[in-house]
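Hi,

Here is the structure I promised to pass on to you. Have a look at the model first, and then read on for what turned up in it.

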Amino acid sequence: MSTPYNPEAVEIAAQKYWDDARSFEVGEDADKDKYYCLTMFPYPSGKLHMGHVRVFTINDVIARYHRLQGKHVLQPMGWDAFGMPAENAAIQRGVPPAKWTYSNIEDMRGQLKRLGYAYDWTREVTTCRPEYYRWEQWLFTKMFAKGLVYRKNSIVNWDPVDQTVLANEQVIDGRGWRSDALVERREIPQWFMKITDYADEMLAELDRMPGWPDSVKTMQRNWIGRSEGVELAFDVVGEETPLTVYTTRPDTLMGVTYMAVAAEHPLASKAAKNNPDVAAFIEDCKQTDAQEATLETMEKKGMALGICATHPITGEEVPLWVANFVLMSYGTGAVMAVPGHDERDWEFAKKHDLPIKQVIAPSDGSEIDIDASVYVDKGVLVNSGDYDGLDYDAAFEGIADWIEASGRGSRKVNYRLRDWGVSRQRYWGTPIPIIYCDDCDAVPVPEEQLPVILPEDVEVTGTGSPLKDMPEFVNVACPQCGKDARRETDTFDTFVESSWYFARYACPDNDSAMLDERASYWCPVDQYTGGVEHAILHLLYSRFFQRVMRDEGLTSESEPFTNLLTQGMVLKDGAKMSKAKGNTVDPQQLIEKYGADTVRLFMMFAAPPEQSLEWSDDGVQGSFRFLKRFWTAVVEHATKGVAGDVDTGTLNDTQKELRRKTHQTIAKISDDIGRRHSFNTAVAASMELLNAINKLGDDSEAGRAVQREALNAVVIMLSPMVPHICHALWQELGHETVLIDQNWPKVDESALALDLIDLVVQVNGKLRARISIAADASNDAVEELALADTNVQRFIDGNAVRKVIVVPGKLVNVVV
RNA sequence: GCCGGGGUGGCGGAACUGGUAGACGCGCCGGAUUCAAAAUCCGGUUUCUUCGGAAGUGGGGGUUCGAUUCCCCCCCUCGGCACCA
């Protein structure tokens, strides 16, 4: 087969072999060491993009590497098939979302197969199919029974022209993307899952997850945002119900000079009734979208309500304001303001001429001017009556004790994390299995009536969900009393589907249970790979669902993903690839031009997986060139016949050197892939070894044996990245066996031994000489030889040597 | 605004636990091969330089015999911020 490298022929042949042999279909074998290797499943947007190719290749490399290590590897693939783009396509092109989605899946599956990923396609899951989503409907009804779901009002982006709810990404500069109308905040009833019930457990477990990156764990910790503080009630003059607030700084209680409530707060609404200015202000507050980033960066506005609260300790009256930065959905919808010791309160007080009172002084006794700048550090209490002189801890305890004793409140642990709102006013999603009855209120759909099937043959117009206009869907008998009732027409957030799919891959065909014993075999996922953009929401929701499933008796695992790898984006000209920017690169065209292996190789070589990857057409060309060199090297070696085994006793120095390089490289690549996930350096090391093989030019029996050993190793070690070419080259090297069934090469420690080692010599930290010395030389001998070097002596220049630092095997630093 | 990343030659990146900055590849320059080109192969390639060296990892400071690596401050940039997935 001394033909030039023809990627297409090589790749189709390898793929046909894997297909025919069903190489990647795996069952549950209790005797084998299982390894579940998973990548975040894609949304079927139409075509594969480079971001997909990158993450799937990373995962495939890990999967194939572990298979060569003797593991029983499962790598499945499926489709996160519900979501907005299908509705948008339907609006724009009149294609029903289901049809559009299924056709995209067909196209993308074909593209994935062409890339040669080692997937077990018999386990494919598609979330928009009733046999999948029925089980999350089922779990929802179980959660309902346990009180883990509830309904409450919450805020959405309302487009007053299109009369529809908008997603945050459909709000551009505060306006609806289609109507250009100013978006309003509007409250509607929605379903919530009590993720906060698991906040403490999920937070604590983060400390016992060594397989996750610290950055992701830190983000999740901050997101959960556990804080200890007190909740306390302020009496409101002329009101029966007091105003409850939460604070983590009870030590600053004596510094409260005003309070603020949300625009939606009942006290604000009440004040608005006889104050048109307040009413106008509240209306104005609603003229904004519901995103946190908008809220945090917009101008802080407020207005006095003309009502006062009573300070619980001093009895002084403090004015009540309504403010746009206080949200009804956060905490109690009201805050106590301590302008002296809170940044935002200070700025607000300055703007509205509210009094600023210093109640905390720096612990070191230094003077501060609270009118000139805010002081947010913890310190010693001043101007706080009985509490003066106490430090933060003592003041916290003292004031908290007083609050509890007075019956005004209590210590409370609070979370920044809010319960998960799962209702979406959209068509293309899993129907929420609830029936509304005038007598029985919200009733979950009984198990025997599941799944609630989403009608697929619909027309989508863009103004509201088509389900509302389908009496055959909406009208239903109440499961409890049998009277006429109405189905919920909202659907689930698509994060619900992606919160448990990883477990369903183990048993996608089970039509009588959500999970079975096969899930116990495969779960948890050993290696999970996906974009950093999912560091919080998707990963936290999945951790939550895993626990819900555990508490439902479906699994014994608490954590879904043992090891996590978050990969960076693919950029072109420094920017994320997007149709809008016109800087996309189509993987399909590249595969046609160079083959899948070249694309896979470039992806692995161009950057470490966690970092963003800058696309380069020249770089792809370079990867292609390397594969051609690789092909030629093996073919030229093979045409001279099959070389024998290495006889270590008969090698000359250059042969020994290549053999050392071979085994050094085996050690390096094993570590690079297995431990560090540093695929770019693994590829670089393979290139170095191949360069060394090509340089040897030794056709003696021993020379050819050493080359063959090296080539065998390179072919196996590059195969996770470029499996097709390696499949062919393994045969070319004369093996009767199949590459994917091989074992990873082993390091021969004896090949690594060196008689002489090179050390560098520094004088005052600057490189001045290189010396070669016996590997087992003593530090004294190393020092002596270093000092004897003429260039070293030149830089010592007659000065007294103050110190000599010898780092064994590395360097000598002479300090003068 | 808040939380988490990143910043090293002309470019992508390497340097893993504080120890030779620039591995490997791209690009470029020179050479071989060729009627010529493509492809391929060989050599060179941080900058400045008085050719001795000197400077250099976003900027400023610090710790250390020694800092891309650790600490403090700042700048730029990317991701997330609960309805994009």
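Let me start with Glu231, which has 23% relative accessibility and therefore counts as partly exposed (buried means under 20% relative accessible area, exposed over 50%, and partly exposed in between, with a 1.4 Å probe and protein chains only). Lys412, at 33%, is partly exposed too. The side chains of these residues, Lys412 and Glu231, meet in a salt bridge, with 3.3 Å from N to O (the term stands for a side-chain nitrogen of Lys or Arg within 4 Å of a carboxyl oxygen of Asp or Glu). This pair links distant parts of the chain, 181 residues apart: Lys412 sits in strand β18 (residues 409-415) and Glu231 in strand β10 (residues 226-236). Helices (H or I, at least four residues) and strands (E, at least two) are DSSP runs, numbered from the N terminus.

Before going further, a word on the ground rules. Please keep in mind that this is a predicted model, where local features need pLDDT of at least 70 and side-chain atom pairs count only at pLDDT 80 or more, while totals for chains, interfaces and linings use all residues. Residues are numbered from 1 along each chain as its sequence is written, chains are lettered from A and ligands numbered from 1 in the order in which they are written, and side-chain values use heavy atoms, with hydrogens and water left out.

How many salt bridges does the structure hold? There are 52. One of them pairs Arg123 with Glu28, with the closest N and O atoms 2.9 Å apart. Here, too, distant parts of the chain are linked: Arg123 is in the loop between α4 (97-114) and β4 (125-126), Glu28 is in the loop between α1 (7-20) and β1 (34-39), and 95 residues separate them. Arg123 is buried, at 6% relative accessibility, whereas Glu28 is partly exposed at 34%.

Another salt bridge joins Arg543 and Glu559, whose closest N and O atoms are 2.8 Å apart. Arg543 belongs to helix α16 (residues 537-551) and Glu559 to the loop between α16 and β27 (561-567), so this pair ties together parts 16 residues apart in sequence. Arg543 has 0% relative accessibility and counts as buried; Glu559 is buried as well, at 12%. Through shared partners, salt bridges join Glu201, Arg543, Arg547, Arg550, Asp551 and Glu559 into one network.

The structure holds 2 cavities of 30 Å³ or more. A cavity is a set of points, on a 1 Å grid over the protein atoms alone, where a 1.4 Å probe fits but cannot get out; lining residues have an atom within 4 Å of a point. The largest cavity has a volume of about 230 Å³. Of its 20 lining residues, Glu87, Ile91, Thr164, Arg426 and Gly462 are the closest to the centre.

Best wishes

Notes: 1 Å grid on protein atoms, 1.4 Å probe; cavity = no way out; pocket = protein on both sides within 12 Å on 5 of 7 lines; lining within 4 Å. Points joined across faces, edges and corners; volume = space filled by probe spheres on them.
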